[in-house]
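Please read this briefing alongside the sequence and the coordinates, which are shown next.

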Amino acid sequence: MHTITLGLIINPLAGIGGPAALKGSDGADTVARARGAGVVSQVAAHVTKALQPLGEVADGISWKTCSGDMGEALLADLQFPDVEVVYVTQDAVSSSASDTRRAVQQLQWSGIDLLIFAGGDGTARDIFDASSPGLVVLGIPCGVKMHSGVFARHLQGIAPMVIELLATRLVTATAGEVRDIDEQALREGTVNSRFYG
C-alpha cells in the first residue's frame, strides 16, 4: 500500500476575532479582546470535520505535527496511529506567529509530502514567509479573512484530496496567491488587500 507523510499546523486562535466583530484575529490585543468577550475558537471543530474522514485510510498516512493545540492534541483525539511531534511550541499555553514559522521550517526539514494548515490569511502569510521552494501546502479555511488562493473551498474538500494523493491519482499542484487585508484599516471601513506572494 502507498503511504504519504502529512504535516499539520493548526493556528488554534484563527478566526477568534470574527464572532467578536473585530474584523480579524491578528495580534495579541485582538485575541485578548475576543477572549474578553467570551469568544472561544472553533478551529478544532473545523479541523476535526475536515480530517475525520481520513480515519478510513489512517494506516496509509504518517503525520508530523506540532505539540499541543497546534496539532498533536487533535490528532490524538482522532486516534490516528502514526503521529510524530517534530516541533514543540515555545509556550505550552499558547502559540504565536513565530511558532508557526519555526514549525514550517521544522516540518519541511523533516520531510513531508504535503503540509496541511488550519488558519486564515495571516497564517498563510506566516507559512509563505517561512517555507522554502517546493513545499506543497493546503489550507483548511478557519480564519476571518479568507482571500488567499491556498485554501480548500470547503472543509469537506480536504479529505478527498488527501485520499486521491494516497491513491497516487492527484499528481499536480498549482501556485496559489497569498493575500492579507490590513485589519486596522478594515476596522475603519477601508479594504486594503495586499499581495504577499
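Two strands are taken to pair if DSSP finds at least two bridges between them, and strands (E, at least two residues) and helices (H or I, at least four residues) are DSSP runs numbered from the N terminus. On that basis, an open sheet of five strands has the order β3-β2-β1-β4-β5, with parallel pairing. This is a predicted model, in which local features need pLDDT of at least 70 and side-chain atom pairs count only at pLDDT 80 or more, while totals for chains, interfaces and linings use all residues. Residues are numbered from 1 along each chain as its sequence is written, and side-chain values use heavy atoms, with hydrogens and water left out.

**Sheet**
- The edges are formed by β3 (83–87) and β5 (137–141), each of which has a single partner strand, so one side of each is left without a neighbour in the sheet.
- From one strand to the next, the twist averages 25 degrees.
- Strand β2 (residues 61–66) runs parallel to β3 and is joined to it by four bridges, and Cys66 stands opposite Tyr87 in β3.

**Thr5**
- Thr5, which lies in strand β1 (residues 4–10), counts as buried because its relative accessibility is 18%, where buried means under 20% relative accessible area (1.4 Å probe, protein chains only).
- Beyond its neighbours within four places in sequence, Thr5 is in contact (heavy atoms within 4.5 Å) with residues including Ser62, Lys64 and Leu114.

Note on methods. Buried < 20%, exposed > 50% of the residue type's maximum accessible area, 1.4 Å probe, protein only. Axes fitted to C-alpha atoms, helices over the stretch in contact; angles between N-to-C directions.
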